[in-house]
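Look through the sequence and the coordinates, then check your reading against the answers.

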Amino acid sequence: MSRSKTRLTCIIASFALMLAGALALSGCGDAAPEPAPEPEPLPMIDPDPTTPDSIDYLALVNKQNPLPSGWEESIQTVTVKNSLGDDVEVEAKAYAAYLELKADLEKDGIHVDLDSARRSVSEQQRIWDEFTVTYGEVYTRTYVAVPGYSEHHTGLALDLYLNIDGEDVYLNEDMVEYPEIWAQIHSKLADHGFILRYLEGKEDITSYGYEPWHIRYVDSPKIAHEIMDQGITLEEYLGAAIQMPAAA
Ligand SMILES: [Zn+2]
């Protein structure tokens, strides 16, 4: 426990330094530019420079493909509190990108927060076991993701919620009442390395219903644009879409 706490503190410190660096570089105001100093390496840009990209940001985790082995030992995460007071754990680079996305949306008066992000396999197993005892296996299979097969294990899948006129809107049935706001959010995802994961009309490929709030970090804005601009799923982009049998 203390080891992971220490690591978390390091990550948070790195972020603070990174943000301070970014602010310094962005040069707010119109002050005369300082003479350009000798460029120095920025060691804090990566959350942990000793293990850059130790995970595959394009990893496919769905009902057919489990979390790659070794993932949970490799990822670096940050834990933050949302406006509802819940702790949300997110993969470190995905969180930095989320903050950029959030700031970008705020320029348009759109306010989002993180409902949930990472769930460990053991946490999912605990939920699975609890549901099995309470509701039986048939119900559990229908409504709970099989431990190991949820994209939320990656830490790269984020469920957003909205804040509209100062009110948090986080229930699924309420959030779907704002399609224009989601459309604006979706139009900015790719610039920050995110894609919309469960598309309307692609349920037969993703095996999930449309979820405007579930976004997935793929790291590269270029790849994110290739996916979003074509309106395709991650499965299709990776050539991993399960072929539906042709109609007779
Ligand atoms: Zn989700």
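## Confidence, core and sheet

This is a predicted model. Its mean pLDDT is 83, and 76% of the residues reach 70 or more.

Q: Which element gives the largest share of the largest nonpolar core?
A: That core holds 36 residues, and V90, A94, L158, L189, F194, I195 and A224 touch the most other members. Elements giving two or more residues include strand 2 (87-91), strand 4 (157-164), helix 7 (179-189) and helix 9 (221-230). The largest share is seven residues, and it comes from helix 3.

Q: Which residues does L189 contact, leaving aside its neighbours within four places in sequence?
A: L189 is among the core residues that touch the most other members. In soluble globular proteins, nonpolar side chains tend to be buried together. The contacts of L189 are L101, F194, I195, L196, I215, A224 and M228.

Q: How many bridges pair strand 3 with strand 4?
A: Strand 3 covers residues 111-116 and runs antiparallel to strand 4. The number of bridges between the two strands is five.

Q: Which residue of strand 7 is the bridge partner of A157?
A: Strand 4 and strand 7 run antiparallel. Three bridges join them. The partner of A157 in strand 7 is R216.

Q: Which residue in the turn between strand 4 and strand 5 has a positive phi?
A: Strand 5, residues 167-169, is joined to strand 4 by three antiparallel bridges. L162 stands opposite V169 of strand 5. The two strands form a hairpin with two residues between them. The phi is about 50°, and the residue is D165.

Q: What distance does helix 4 reach from its first C-alpha to its last?
A: Helix 4 spans residues 121-135, which makes 15 residues. At 1.5 Å a residue, 21 Å is expected. The model comes close to that, at 20 Å.

Q: Which residue follows helix 4?
A: Its phi is positive, near 90°. The residue is G136.

Notes
Residues numbered from 1 in each chain as written. Predicted model: local features only at pLDDT ≥ 70, side-chain atom pairs only at ≥ 80, totals over all residues. Core = buried A, V, L, I, M, F, W, Y, C linked by C-beta atoms within 7 Å. Buried ≥ 20, exposed ≤ 12 C-beta atoms within 10 Å, placed from the backbone. Helix = DSSP H or I, 4+ residues; strand = E, 2+ residues; numbered from the N terminus. Contact = placed C-beta atoms within 7 Å. Expected span 1.5 Å × (residues − 1). Pairing = 2+ DSSP bridges. pLDDT = per-residue confidence, 0-100.
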